[in-house]
Each structure stands twice: as C-alpha cells, then as structure tokens.
Amino acid sequence: MLKKCGIAHFFIRPDDQKRYRSYLAFNTASRTVDRNGTPEFRISQIQDIGSHLMEVCFHTGMDNLVLDRLQTVANDIVTCLEDDPRAVLHIQNLVDHDMYTYFHSTGVGILSVAIAKAMGENNADVLRCFALGGLLHDIGKRETPLHVLNKSGPLLDTEWDMMKKHPEDGFNAVKSLDVPEMVRDIILYHHEKRDGTGYPFRLSADKIPLPAQLVSIADIFNALTTTRSYHRKRTRFEALMLMKQDMLGKIWVDAFKGLITALTEGEAAADDKEIRSITLG
Ligand SMILES: [Fe+2]
Ligand SMILES: [Fe+2]
C-alpha cells in the first residue's frame, strides 16, 4: 500500500521498533498451514508460523488474539501428526540465535503431542492441550533479562535465581486468559523433577502433574538436540542415551519410552536401529 502511494522508504522511531517487529511477526504468523503439503513441509510451516507467534508473545505479551492463533497452531500440530506420526522427525532446531526460544517452543509442542500419541492418547482436546502447553511452556522467559537468557557461559547463582522464575512468570502471563488448567500446569511445573530436585517448588514425583512431566521430556530432548553456546547438538540417539544414563530417577520413564516409540514408529528412519536398541527394563 505504501508503495502504491509512492513511498519507498520510511523510518521507525527507536521507541516503536519493538512494536513494528511484532507487527511483522504477527503478519507472518497469520498465515495458515497447507494441509496438502508433505509432512516435512507442514512441520516447517508450523515451526515458522509458531515461532513468529511466540516472538509476538515475547515482545508484546499474551492476549486473546495471540492465544486464538496459538490454538490454531496447536490444532495444526495435532492434525499433522494424526496424518503422519513420522512428521515428528522433521523438527528443525535453530543454532544459537535470537529465534532459539521461539523455535524451541514449537519443537516442544510437536514432540509433546508425538509422545502423548505414542502413549495411547487419542483425545484431540487433550492432544491440543499438549501442543499449546509445549508452545507456551517457556512464555515466562519474556520476563528473564536477555543477558541471562542468552548467556554463553555458566550462570551465576543470582542469574540462576532469575532463570528459575520463568515457570511462575509464565503461569502469571496466562492467568487472566481462557487457558485450560492442564496448560497452566505444564507452564508452572515443567521444571519439577521426580526426585524433588526441580524448581520452583521442588515437588516430588506424585505431586507433579503428569502432563508437565511429559512435556519436560520433550523439553529436555529438544534442548539436547540443538546446538547451544554451552553444548554441541546431540544426535537423537546421543540425547536419548544421555537422558537414560543421567536422568532416569528424575524423569517419567513411561513418557521417556513414549518418546522412543514416537521416534521409531512406522517407516524406518536412518537412526531407527540404534534408537530401538535402547532398553529401559
Ligand atoms: Fe523452561
Ligand atoms: Fe524449554
């Protein structure tokens, strides 16, 4: 429209740059996923749209309009995996980048649905809650200072304290919105560990809602399979082995088995054989 009016250049005031970026992100996020595309194409569209929506959430906060769009993306995730469960193998993980948290969020949404389905969950409403919970699990990080969020080295104690606030900040961010209790639980409890060493409440196994325990598996796996400044990207097999060796007392084993099933279901992928060789007794 500006072009039609003969305007080739315009300037954004520094104060308005954040709002302008959100406007662009929301426009990108308003596109729809092509249901006739290949699973790989659909997952890449879901991640593109979902990550831009998450960018809007981080810059301008949550409101009903964004929530409505996120619910559409959650539904796209569920239908995509219903049409082809192997679509989960096409999740892309961004190397250290501003968009990392946004891509991570969509990756966790997709993985959570895949795990739940592999564990036998077929209720579409429940699956959509897993997708939405995965998308929103780290929404509280919008309150975390950027120098802490993007720090390349280990965090100082004071910085850890700031990081550990994100589950409660996320819970507060959706408090006034029409978000299902299951999604609130996922946001608030996704860093609790079954041995009571997690945060923010150090809850033990029986006190942590199961949906949060499931999303926590997707969260850990997605982070391990992405290159970060403090660790290299692990292959799927390496990430699963590391989880098996170091985390079994902390994570929900049934959901971990669900993740292995989700990654090896149907037609064989290149790393199927080694992943299938992982035994949990
Ligand atoms: Fe988190
Ligand atoms: Fe996360």
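1. Is Pro200 buried, partly exposed or exposed? In this predicted model, Pro200 counts as partly exposed because 16 C-beta neighbours lie inside 10 Å, whereas a buried residue needs 20 or more and an exposed one has 12 or fewer.

2. As to its setting, Pro200 belongs to the loop that runs between helix H9 (181–189) and helix H10 (210–224). Its contacts, once neighbours within four places in sequence are left aside, are Lys164, Pro167 and Glu168. The C-alpha atoms of Pro200 and His166 are 8.9 Å apart in space, although 34 residues separate the two in sequence.

3. Helix H8 (residues 166–173) includes His166 and Pro167 among its buried residues, together with Gly170, Phe171 and Ala173. Viewed down the axis of H8, these buried residues fall within an arc of 160 degrees, and they therefore line one face of the helix. An α-helix has 3.6 residues a turn, so residues three or four places apart point the same way.

4. The cover over the buried residues of H8 includes helix H5 (124–136), helix H7 (157–163) and H9.

5. Beyond its neighbours within four places in sequence, Ile217 is in contact with Ile115, Ile251, Trp252, Ala255, Phe256 and Leu259.

Definitions and conventions: Residues are numbered from 1 along each chain as its sequence is written. Chains are lettered from A and ligands numbered from 1 in the order in which they are written. This is a predicted model: local features need pLDDT of at least 70, side-chain atom pairs count only at pLDDT 80 or more; totals for chains, interfaces and linings use all residues. Two residues are in contact if their C-beta atoms, placed from the backbone, lie within 7 Å. Helices (H or I, at least four residues) and strands (E, at least two) are DSSP runs, numbered from the N terminus. The arc is that of the directions from the helix axis to the C-beta atoms.
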